[in-house]
Amino acid sequence: MDFWSIAAQASLLIVGFVMLIKGADWFVDGASMIAKKFGIPQIVIGLTIVAFGTSAPEAAISITSAVKESAGLAIGNVLGSNVLNIFLILGLCALFTPLAVKKSTLYIEIPFVIVISSVLMILGVIGKQLGWIDGLILWLFFIAFFVYLIILSKKDKSAIADLQESEKEIDQEEAKHQKKSIEIAKMLGKLAVGIALVILGSQAIVNGAQTIASGFGMSESLIGLTIVAFGTSLPELVTSMTAARKGEADLAIGNIVGSNIFNILFVLGTSSLISSIAYDTNWITGFMIDNIMAIVVAVVLFLCILLTKEKKLKRAGGITMLVMYAGYFAWIVAKDFIW
């Protein structure tokens with residue numbers, strides 16, 4: 001790869017970063033505005049709209065890879081992203097501000113990530129691939145998760161009824177100057193433009209980084225676990241960092257946990273329904289260690305929060321996760337060049 005090719009791909013990366021950062025900022029603003037306007041708890045927004053939107057790059061990459069029978073990218077992308085999401089993204093967020101976690105997230109959603117990550121490994125080990133039956137099983141879990149979200153939304157709506165009432169007078173005053181339909185259109189527009197920039201920016205970054213990495217002879221599995229995983233996790237990184245900076249802790253945590261759930265159940269579930277994906281069970285060159293790490297990260301997150309008095313993800317927990325990610329990253333790079 002010559003100098004000008006590298007320069008062109010590097011420029012693509014820079015453009016992608018600019019689009020990503022601005023898009024994430026608008027996306028968080030739009031999601032927060034919708035949550036406030038309609039009385040939807042921010043944790044629910046984080047676990048659904050934001051999580052689904054920021055998982056779109058993983059979905060695009062993995063589904064396309066499944067169709068092209070590129071298991072290294074399809075599965076490696078999801079497992080790599082899930083490990084990176086918790087260890088790197090939440091680790092970085094915790095360095096800047098303690099992240100408060102709701103009871104439902106700590107005792108239900110995080111353990112749910114542990115369960116479905118384990119289910120994924122069991123399905124892969126049993127069949128040596130993810131076929132349509134496995135995809136159906138993952139989708140059943142996905143449907144169950146949505147039912148849970150509906151219940152959670154109804155429960156939390158009643159809890160914030162007083163807040164809605166206190167803001168009623170402000171809303172009535174605003175209505176005199178601007179129609180509600182225009183306000184809603186503005187919110188949705190900001191949300192749509194934000195997610196469009198996030199997706200396009202992340203795709204630009206992935207394409208540029210992948211081309212550069214391929215030019216240096218990296219394997220498909222390593223690219224999936226590192227470059228592609230990092231690129232497709234950039235929306236989660238920027239969105240969570242932005243949410244944490246703005247004091248929207250529920251959105252930051254919910255975004256990551258929800259994204260990991262979507263990655264396994266929706267992304268791999270849908271990919272498996274479209275085309276069977278080979279699951280390499282080799283402990284060195286396959287996905288076993290990576291799948292186990294996807295389970296470990298959720299367990300570590302759970303313990304880092306549970307063992308604090310305030311039930312928050314603090315700086316010590318963030319440092320622990322960053323150190324563990326550094327070790328994992330060194331392993332996946334080393335195994336690619338050694339084996």
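Lys 128 is partly exposed, at a relative accessible area of 47%; that label covers the range between buried (under 20%) and exposed (over 50%), using a 1.4 Å probe and protein chains only. This is a predicted model, where local features need pLDDT of at least 70, side-chain atom pairs count only at pLDDT 80 or more, and totals for chains, interfaces and linings use all residues. Residues are numbered from 1 along each chain as its sequence is written, and side-chain values use heavy atoms, with hydrogens and water left out.

Lys 128 sits in the loop between α5 and β2 (129–130); helices here are DSSP runs (H or I, at least four residues), as are strands (E, at least two), numbered from the N terminus. Most residues other than glycine have a negative phi. Lys 128, though not a glycine, has a positive phi of about 60°. Lys 311 has a positive phi too, about 55°, and is not a glycine either. Its place is the loop between α11 and β4 (312–313), and Lys 311 is partly exposed, at 27%.

As for the helices, α5 (residues 103–127) packs with α11 (residues 288–306) at about 165°, the axes being 9 Å apart. That makes the pair roughly antiparallel, a term for angles over 145 degrees. Axes are lines fitted to C-alpha atoms over the stretch in contact, with angles from 0 to 180 degrees between N-to-C directions.

Leu 273, found in helix α10 (residues 249–274), is partly exposed at 41%.

Note on methods:
Angles under 35 degrees count as roughly parallel, over 145 as roughly antiparallel, 65 to 115 as roughly perpendicular and the rest as oblique.
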